[in-house]
Structure formats: C-alpha cells, structure tokens
Amino acid sequence: MASPGATILEAARSAGITIPTVCYHDHLTANAVCRICVVEWMGSRTLVPACVAKIQPNARIYTDNERVRTARRVILEMLAATVDLSEAPELQTLLAEYGADPHRFGSDAARREHGPVKVDNPFYVRDYDKCILCWRCVQVCAEDVQFTFALGFNGRGFETSIATFFDRPMPETTCVFCGNCVGVCPTGALKGKREYLAAQGAPIGPR
Amino acid sequence: MTYQPVLTARLGKIDPASLQDYEAAGGFQALARAVELGPKAIVELLREAYLLGRGGAAFPAGIKWKAVSEAPAPKYVIANADESEPGTFKDRILMEGDPFALVEAMLIAAFAVGAEQGYIYIRGEYPQAIARVQHAVNTCYNAGYLGRNILGAGFHFDLEVRKGAGAYICGEETALFESIEGKRGFPRLKPPFPTECGLFGRPTVINNVETLLCVLPLVLRGLDWFKSIGPEKSPGPKLYCLSGRVHRPGLVEAPMGTTLRTLIYDYGGGVSGSGELGGVLLGGAAGVFVTPEHLDVSLDFAGLRTIDAVLGSGVVMVFDTSVDMKAVLRRIARFFRHESCGKCYPCQLGTQRQHEIVERLAAGRLRSGDLLALREIGQTMRDASICGLGQTASGAILSAIDRFGFDEHTGRFLRFDSNW
Amino acid sequence: MTTSSSVSPTAAHLHLSPRQATAVHAILRRYRGKGSAYLLPCLHDVQAITGWLDADLAAQIAESLDIPAVQVHNVIEFYALFYDHPVGRTIVRVCDDLACYLAGSEAIVRACAAHLGLDPEHGGTTADGAFTLEIHPCLGRCEQAPFLMIGDEAHGFVRPEQVPALLGGEA
C-alpha cells in the first residue's frame, strides 16, 4: 500500500508498476513538463502526470491503457522529429517500446537546430541540438542545488531554448563550473569536454 | 422580451475620466450597499446567484470568493484583464468606457474576501484601457475610495494596475501570477489552486473583468433579479463579442442563453458577404466552430455543452459561405504556434506540428497520414497539456474539419466551396 | 509570420543620449531593491525611454531590482512587447487575425509593407529606423476590423488607401 502523500509514480514503483519518465529526476523538483508519465485517473477530464499527482484512496488509475499510450507515443514521435536523440538511449528504448514513428511528420518537419556545438570553456560543451528542454540543468543551476543562475531560457513555444544571459559564453556568466548540469543532462546536450573531444577523435593528452 | 442592459449601461453616457459622472450615474452605490451587507452576506449572495466566470472557464465565482474569504491573510484579489482570446473585445470596451466600475467591483471583492492588496492585469496592447483604469485608480486614491479606512468602514485596500507584455498565455490565471511576480508566463501545475496558493503563494481570488462587473448589479438589485435573467443553470447578463461577416459587428449585452439566431439577425443585422451563413466560431481560437443547424441553441455554458461547443469568453464570429476557411484555419494554427509558452511538450511540439499540417492543408498538399496525425496531435494536446492553451489548441481546427464537410481528397470544405 | 522575439539576441549595443541616460538612471533609482515583482513594470518604463533592451541595461535592471541577471533575460525573451534588438521609433501593429482577416487585413498589411518598403510576410524595420511593422495576433478590436495601431494610436475600419496618409509623416 502506498504511503500517504505519495505521488502516483512513487506508489506505482512500490507496487512494481513501471511508468516511463523523461524530465523527472529523483533528486530534483518535479515540473511535469514532458508529460510522458501521464496516466488516466477515472473522473479526471485530462490525463494526469504521475510524477506530481498525489495518490488518493480508492482512486482508479490506468497507467498503460490505450489513451495513455497514444499520448506517450505522440509526444515521443514529436520529440524525436524535433531533437537529435542519438545519444539518449533511454529515449530510444521508449520510442521502440511505444512503436513511435517520428518520420510520420515528413522529412521537412521543423527541427530545433542551434548551430555548432558551443565549446567556450575548459570543462564542458553544450550541444543544444540534443536538448529536450527537460529543465534539469536550469533547476540545478538555480534553486534546486547551486543558486548560481547562469542558465535560463530564450524564446518561447517551439523555439524555446536553454541560454545564458544574452547568450554570453560560459566564462562570462555567473557559472562556477560545478558540473551539476552536466551530471543531470539525459541526452548528451551537456557533456564533459574530454568526452566530447574523444568522440571527435581528438588525441587526449594528460590534463 | 426587452432586456435592460446593466453592464454596458454607462458606456458612452459618461465621461470615463470623471468620478463625478460615475457617481451621478449610480457609481459606488453598490459598494455602499456591500458595506451594509457585510462580507459574509456578499459571498453568500454570489454563491446563490451561481455567477459563472465570464473569462472562458465558467468556474463559479462564489466558490472562489468563499474559499479565499475563509483563508488566512495576506491574500489578494486580481482582475484578469489580459483579454487576448482572438475575437474578444468586451473587457477592453468596459475598461475604456466605464473604468471606475472595475475599481468599485475590485473594492467589493476585496471587502468580501478580506484582501488588502489587489491588481488589475491589463493586456499590454490596450494602451487606452490601461491609461483610463490607471486614471480611475489614481482618482479613487485621491477621493478616499482606495487606501486606508475606506468609506470610514475600517477596511483598507491598495490597488495596482499592471501592464502585460504581449503573451496570450498570461490570461491563464497561474501564468498571470508568474507574470506579476516577474517571471516568464509559464502556467503552474494545479493543484494547488489559486484560492489556496495563488499570487506570491497566497490565497487569491482572480476573476475576469466582466465577471467582476456582474457583481455590481447583483449587489444593487439582488438575487431574484439576477436569477430572473437567462437560464437557471447559468443565470445573469452576458456580453457577446459579435464580429466577422455580420452587418453590425459589436458588443452585445443580452441575457445569458440568447440564441445565435437572435445575435446574428437581430443584433448583427444579418450575414454579410455572400449573405448565406457558413458557420460560427464560438469561444474564439480556443473554441469550436458550429454550423447553421445550431442557430437556435441557447448560448450559455450548459446549453453549448449539448452540441460539443463552448461559450468561452463570449466570442461569436460569423463566417459566410464565401470565406476561405483554409486561410482561417491557417491563422488559428499560426496563433497557437506563436503563443504556446513552451513549458510542456504536448503543446510546445504539438502546436508546431499542427501548424505544419494545417499549412499543407491550406496549400492543398495534404499527405496521406496527415489528418490522422492532426487528430492524434489534437488528442494528445487536449489530454496531456498542462493548461487550457494546449488543451484547446486543436478544438477549432478539428471542429472545422468535422463540421464543414472537409474532403480529404480534394482539400475542399464543401460548405465554403463557392469561391474555388 | 510571427512577431515573437525568439531570434538570438544581437550583439548590438544601445547608445543612449545624455537625456535618455538620465531618465533611465532615475527609473532604476525608483525601482531599487523592489525585487522580482517589479521586473515587468521596470522593463516597460525603461523600454519606453530606450526603445529596446540590451545586455547592459538588463544587467543594470537586475542589479537595481536585486534579482539574477538571467531572470531579466528570460523575461525579455518571453514577452513579445519587449525587444532585445533595435526597433523603429514607431511600431506599427497590423492585426491579421481572424476578424481582421475577414475584413481585409491582408490588403492593409500589403499597403503598410509597400509604403514602408518592407516584407509583407514578416514585417521588419525601415532602414532609417523610423518604423517597425509587425503583423500581429488579435489586437482585440474585432468590432472595428480591419484594425491597426501606430504606436499607441488606434485606427479602426482602415482602408488600404488610407495607409499612406496614416503612416505619412513620422510620429
């Protein structure tokens, strides 16, 4: 039995039921932005996000019915048609599991492309073509961990992106190079510079 | 039956900059009456009147007021004047023509729920409304209607006018809180609801301008009068924003539950353009299209549910049969793509994909699978988006496809086929 | 055809006249220490003087309100009425949403673009910096369609042939 105050996600886990998540991270504030964890709560007009919705006694919840699976599949399809997920194995697994077909929107569907990888500091690189806007990096940089406030947002809607203050290079921001953002990035949009250079085939010398 | 307008009665008859004019035309009598009644009685009156929110969501105002009246201070009252739903112009006309009425209604709300601070959040593209409401607020401070110990009744209320900055999403109440707090207009997760955790994390009443203005005649004329207007399940006066292909577009005040036929032919002087009615968009871009078969349905919250339509903010936009429906749908899709805040994936991605497919539809280049994708995107946005923007971003487009005889093979809307 | 300011901020810098600098300074003093809830009012007031907002101004606003600089950037980039790039001294907003379209807004947009020598699809800013043309979502004047705003001035029931006279002299 789920403990009082538990989320649907926590309750499901303790019952051995898997609910997929993307933006959710065990140690960060849940913002329910990806909506992959939505479930059907009988009586609710819309689906509800399992990562934040609190379980209630006698609630009838479907974690894997047709309505839920359609929403998850379509979100995954739209995401994969927009973002480079080549270094996001967990998302690749989900795409396969839900039978998602990102090509249904056509080869001319707009993708979010941000130009060359940003290599502007000795510690990590930023490859925003791979960014899924899960918000984790912004959160660890702000109130969830570091209170550094180096990262924020550009644009809105489909054209939202993660950005520094007026797109300045990292060394010109408040960034303290704690590395937390790299640690929580799920898609390889943020990665260590050595790892990046190694993948580029550059020789790695002593640091 | 003849209906005597109350919400628009002063429009054009008084100088909107003159407190004297406002008082001479019955202004601040409702506040005086409210002070006599006391906070509890006002909240009860609102609950019994079953005044439903006029901004689009149709939530009972009395439930909000009661919850906040029983919550601990500090608490806030907010007028949601971020009117941005395409086709909606009622609140602008009220604020431009009768700005003191909004201040008076805010005073009653604050008095009833025990709030000492309020905000009027007005859309940034309404410079004249902002100027007039700001002038009314300043004048009321000077006249002792705002500030400390108002009317000698021992209550205090400070009221601030806030200017929006070009974001449709900020009409969503929690995004509006974020905006006042100095952030991007990202809607919050609900629960918690504003009555418990609203502006600055405190209990907050937030109502649409028209909803607030309904309180004035309700307090003055009483429950029986209010309930005598319109249908039992959603009583009271209603403002309809009549626009598009009618001979006389404009703001119509009529009883809730007036029919489309009355609005279009009696108030609007009939259909212009081809003269033949093709369809009507109810509720704006976030609403749905209905057809001439629906002319006699009662335009109220409950009545429209019977035909899978919504009243929303009272938009009644008329389309004659000569209209290029594809160009209309392109604009709706473009609007949502432009106004999605980008917080949740279904809407951030879905409004873009929807726009791409609708552009193909408009260009006569639909691909096989496009319509299925459009429906699935719509269902996903409706089911899984955080807020009303994403949840309603596909409704108008899908209703046009379903109700206007869209032919996938020819790319035509049979009902609007006279031109091509 | 959108009017959002979602493009990357330009590297451009504002050049303030002494009079503008004094006015901005007075505004920043007025908002000093007021915190996040005064960010939008502060941005409106400053932009009314300067026309648009660059990184230097944003940093000064952050410092004055005592909030993180990145928050100021977040907000400027989100709201369509805040500009992170130079715009014309007068902004012309032509409504091209549903009701205005039904009343012929496309011809109004074309007339404005032709008069100002700008692209009718996307608008833009005239070379002399006098005007910015925006093709705008619903401006809430559907009963006066087609509708346009020149600065804060409202013009309803506009006919294409009136556009040159309306835009003729610079405001």
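A polar contact is a pair of N or O atoms within 3.5 Å; within protein, one atom must be able to donate a hydrogen and the other to accept it, and residues adjacent in sequence count only if both atoms are side-chain atoms. This is a predicted model, in which local features need pLDDT of at least 70 and side-chain atom pairs count only at pLDDT 80 or more, whereas totals for chains, interfaces and linings use all residues. Residues are numbered from 1 along each chain as its sequence is written, chains are lettered from A and ligands numbered from 1 in the order in which they are written, and side-chain values use heavy atoms, with hydrogens and water left out.

**First stop: chain C against chain A**

Select chains C and A together, and look at where they meet. Here 21 residues of chain C are in contact with 15 residues of chain A, contact meaning heavy atoms within 4.5 Å. The two chains bury about 1400 Å² between them, 63% of it on carbon and sulfur atoms; buried area is the accessible area (1.4 Å probe) that two parts lose on being put together, summed over both. Five residue pairs are in polar contact across the interface of chain C and chain A, both residues of a pair being at pLDDT 80 or more. On the chain C side, α3 (55-65) and α4 (69-78) each supply at least two of the residues that touch chain A, and α4(C) gives the most, with seven residues. Helices (H or I, at least four residues) and strands (E, at least two) are DSSP runs, numbered from the N terminus.

**Second stop: chain C against chain B**

Select F78(C), L98(C) and L102(C), which supply 21% of the area that chain C buries against chain B, more than any other three residues.

How many salt bridges does the rule find across the interface of chain C and chain B? It finds five, a salt bridge being a side-chain nitrogen of Lys or Arg within 4 Å of a carboxyl oxygen of Asp or Glu. To see a salt bridge closely, select E143(C) and R92(B), whose closest N and O atoms are 2.7 Å apart.

Next, select F319(B) and display its surroundings. F319(B) is one of the residues that touch the most other members of the largest nonpolar core, which has 149 residues. A nonpolar core is a set of buried Ala, Val, Leu, Ile, Met, Phe, Trp, Tyr and Cys residues joined through side-chain atoms within 4.5 Å, where buried means under 20% relative accessible area, exposed over 50%, and partly exposed in between (1.4 Å probe, protein chains only). Not counting residues up to four places away in sequence, F319(B) touches residues including F289(B), V328(B), F416(B) and L102(C). A second, separate core of 67 residues includes A101(B), I108(B), I122(B) and I150(B).

Select H156(B), which lies in strand β4 (residues 155-163) of chain B. Its side chain is joined to that of R148(B) by a polar contact of 3.3 Å, while the backbone nitrogen of N149(B) lies 2.9 Å from a polar atom of the side chain of H156(B).

**Last stop: salt bridges within chains**

Select R360(B) and D370(B), which form a salt bridge with the closest N and O atoms 2.8 Å apart. The pair links distant parts of the chain, since R360(B) is in helix α14 (residues 345-362) and D370(B) in helix α15 (residues 370-384) of chain B, ten residues apart. Are these two residues buried or exposed? Both R360(B) and D370(B) are buried.

For another setting, select R32(C) and E63(C), which form a salt bridge with the closest N and O atoms 3.9 Å apart. R32(C) counts as partly exposed, at 46% relative accessibility, and E63(C) is exposed, with a relative accessible area of 53%. Finally, select D84(A), E87(A), D127(A), K130(A) and K191(A), which salt bridges that share partners join into one network.
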